[in-house]
Amino acid sequence: LAVNLSPRQFHDGLVESVDRCLEQTRLDPGALELEITEGLLMNDTDTVLPMLEALTDMNVRISVDDFGTGYSSLAYLKRFPLHNLKVDRSFVSGVPDHRDSVAITQ
């Protein structure tokens, strides 16, 4: 089950809310994937990182949605406990027809 989180939903009570929802629904935490934006990671690292670590410790999966629309790099993302990276369509459009796009994928 994938759930998109907006930056407004990423607040101090998020981890407890997710834990409570998992308990109430009896959903296996490994079946839950929370999707966050690249911008959220870039703009509020000090708040976001401990929350992502706590969610990962609960076995909840974390994905970054629309990667490539901001200014982060893959090297920067290594700091975070992420399970999936969803690359924005605009970043890879033209593959395999566009020479520069093909170079990125190789």
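Helices (H or I, at least four residues) and strands (E, at least two) are DSSP runs, numbered from the N terminus. The model is predicted, so that local features need pLDDT of at least 70 and side-chain atom pairs count only at pLDDT 80 or more, while totals for chains, interfaces and linings use all residues. Residues are numbered from 1 along each chain as its sequence is written, and side-chain values use heavy atoms, with hydrogens and water left out.

View 1. Glu35 lies in strand β2 and, at 5% relative accessibility, counts as buried (under 20% relative accessible area, with exposed over 50% and partly exposed in between; 1.4 Å probe, protein chains only). The side chain of Glu35 makes a polar contact with that of Lys86 at 2.3 Å, where such a contact is a pair of N or O atoms within 3.5 Å, one able to donate a hydrogen and the other to accept it within protein, and residues adjacent in sequence count only if both atoms are side-chain atoms. Beyond neighbours within four places in sequence, the residues in contact with Glu35 (heavy atoms within 4.5 Å) include Ala2, Leu5, Ser63 and Asp65.

**View 2. The buried side of helix α1.** Leu14, Val15, Val18 and Leu22 are buried in α1. Seen down the axis of α1, its buried residues fall within an arc of 100° (taken from the directions from the helix axis to the C-beta atoms), so they line one face of the helix. These buried residues pack against β2 (33-37) and α3 (45-57).

**View 3. The opposite face and the end of α1.** The face turned away from the buried side of α1 carries the exposed residues Glu23 and Gln24. Arg26, with a positive phi near 60°, follows α1.
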